[in-house]
Amino acid sequence: MAHHQNFITFIHSLKSFDKNLLRKPIEDGKWSVIEIVGHFCPWDEFVLQHRIPYLLKGKSLPKGPSVDDLNTHSSLLARNEAVENTLEKCIGIREDLLSQLDQISDLNWMSELQINDANIAFYEYLKGLMEHDLHHIDQIKSTIKTGDYTS
């Protein structure tokens with residue numbers, strides 16, 4: 001749970017940066033910081049709507065969306081909406097996810113999920129999502145520097 005709280009704090013900190021910097025691609029041909037932030041939203045919503053409820057009811061998981069389609073759509077949304085909206089949406093959805101995770105019993109953390117042909121414990125699934133978050137947070141941190149804050 002600490003990871004998700006730290007994630008929320010990190011996204012909050014991005015509000016202090018120049019909006020133009022957050023819209024600048026992290027590298028040629030790559031997403032901007034705000035597009036990276038924006039792509040967290042649909043994935044958190046997916047976990048909230050299509051993983052946790054099924055886990056709690058012991059039902060088979062529905063097939064996941066196309067990664068490329070979902071990421072393309074989310075980056076386009078983030079590119080075209082106000083930076084503040086994307087940040088707030090990301091924070092709100094992650095707070096909802098944290099709230100849901102707080103309510104999961106210890107027994108359910110060990111529940112096996114079948115995703116495609118693999119079986120994975122729920123906590124391992126979430127660990128993979130955390131590693132994905134940390135990968136992108138490292139990308140963002142290497143793109144923006146302390147001197148890039150606005151006052």
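1. In this predicted model, Ile 11 is in contact with Val 37, Leu 87, Cys 90 and Ile 91, leaving aside its neighbours within four places in sequence.

2. Ile 11 also belongs to the largest nonpolar core, a set of 40 residues. Two or more core residues come from each of helices H1 (2-13), H2 (19-22), H3 (33-50), H4 (52-57), H6 (83-102) and H8 (122-143). H3 supplies the largest share, 10 residues.

3. The cysteines deserve a separate remark. Zero disulfides are found in a search of the whole structure. Cys 41 is in none, and the nearest cysteine sulfur, that of Cys 90, lies 4.6 Å away. Because a disulfide requires sulfur atoms within 2.5 Å, this distance is too far for a bond. Both residues are buried: Cys 41 has 3% relative accessibility, and Cys 90 has a relative accessible area of 1%.

4. As to the overall fold, the chain contains eight helices and two strands, arranged along the sequence as α-α-α-α-α-α-α-β-β-α. Its radius of gyration is 16 Å, close to the 15 Å given by the globule rule for 151 residues, so the chain is as compact as a globular protein of that length. The C-alpha trace spans about 50 × 30 × 25 Å along its principal axes.

5. Of the 151 residues, 42% are buried. Among contacts between residues at least 6 apart in sequence, 71% join residues at least 24 apart. The chain exposes about 8,700 Å², of which carbon and sulfur atoms supply 50%.

Conventions
Residues are numbered from 1 along each chain as its sequence is written. This is a predicted model: local features need pLDDT of at least 70, side-chain atom pairs count only at pLDDT 80 or more; totals for chains, interfaces and linings use all residues. Side-chain values use heavy atoms; hydrogens and water are left out. A nonpolar core is a set of buried Ala, Val, Leu, Ile, Met, Phe, Trp, Tyr and Cys residues joined through side-chain atoms within 4.5 Å. Buried means under 20% relative accessible area, exposed over 50%, partly exposed in between (1.4 Å probe, protein chains only). Helices (H or I, at least four residues) and strands (E, at least two) are DSSP runs, numbered from the N terminus. Contact means heavy atoms within 4.5 Å. The radius of gyration is taken over C-alpha atoms; the globule rule is 2.2 Å times the number of residues to the power 0.38. Accessible areas come from the Shrake-Rupley method with a 1.4 Å probe; for residues, only the protein chains shown count as cover.
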